[in-house]
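Thank you all for coming; I would like to take a few minutes to walk through one model with you. Please have a look at the sequence and the structure before I go on.

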Amino acid sequence: YWVIPPIHSFAIGGGDLATLLVFALVGTAMAYFIDRQEQARQQAVAFQGQLQRLHKFSTRLLVEENFEDVLQRILKAAVELPKADKGTLQLYDAEANVLEMVAQVGFGAEFFREYQRLPLDFATCGAAYQRQQRVIVENVESNPDFKHLVPLYSSYQVVSSQSTPLFAGDGKVLGVLTTYAGDAGAPSEEQL
């Protein structure tokens, strides 16, 4: 109205319309990239916060004297990072060929007594031990390999889980760390 001739009129020609369209496209592209940059910045800030928590946590572990307390702290941090609800830490017992739970978060004493020693073919933790790789179950009800766990998971309000094998320096699997969530889905790569 004030800039494009004829002044004080909204009448525009073809060239002016093309210029306005290019301006609108450039403005839209700029807004899109600014939004993407802000999302990346927010992710970087969240990741930095997680790294700071890990650093603080690792320095606290150095002064811990009791091995059971160390394991409990490790498990609490492992549950917190992917925003899970519950977790277990199991070590492999070679004599009995089972995984023995040495720490748990969120389940309670009854669960600990009932599932303290698990055969390797029972749950995701055993699968992670045998496969020697992480096992992620985004929704137990839709996973054919672990369909038998639906009653157990539902009794503890669990829908998804991830089990990560813990390796010794020589490459042998020492045990498995498992986190459980009440929602379907998988932790992000950053969380894992």
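**The cavity, a serine and a helix**

Using our cavity rule, the count for this chain is 1 cavity of 30 Å³ or more, and please keep in mind that we are looking at a predicted model. The largest cavity holds about 140 Å³ of space. Its lining is made up of 17 residues, and those closest to its centre are Phe-107, Phe-111, Leu-152, Tyr-153 and Tyr-180. If we ask which elements give two or more residues to that lining, they are β1 (86–93), α4 (124–131) and α5 (150–155).

Is Ser-163 buried or exposed? Ser-163 has a relative accessible area of 0%, and because buried means under 20%, this serine counts as buried. Its side chain reaches the backbone nitrogen of Cys-125 at 3.4 Å. Once neighbours within four places in sequence are left aside, the residues in contact with Ser-163 include Thr-124, Cys-125, Ala-128, Val-135 and Leu-177.

Finally, helix α2 covers residues 67–80, which is 14 residues, and from its first C-alpha to its last this helix reaches 20 Å, close to the 20 Å expected at 1.5 Å a residue. The buried residues of α2 are Val-70, Leu-71, Leu-75, Ala-77, Ala-78 and Val-79.

Key
Residues numbered from 1 in each chain as written. Predicted model: local features only at pLDDT ≥ 70, side-chain atom pairs only at ≥ 80, totals over all residues. Heavy atoms only, no water. Buried < 20%, exposed > 50% of the residue type's maximum accessible area, 1.4 Å probe, protein only. Polar contact = N/O pair within 3.5 Å; in protein donor to acceptor, adjacent residues only side chain to side chain. Contact = heavy atoms within 4.5 Å. Helix = DSSP H or I, 4+ residues; strand = E, 2+ residues; numbered from the N terminus. Expected span 1.5 Å × (residues − 1). 1 Å grid on protein atoms, 1.4 Å probe; cavity = no way out; pocket = protein on both sides within 12 Å on 5 of 7 lines; lining within 4 Å. Points joined across faces, edges and corners; volume = space filled by probe spheres on them.
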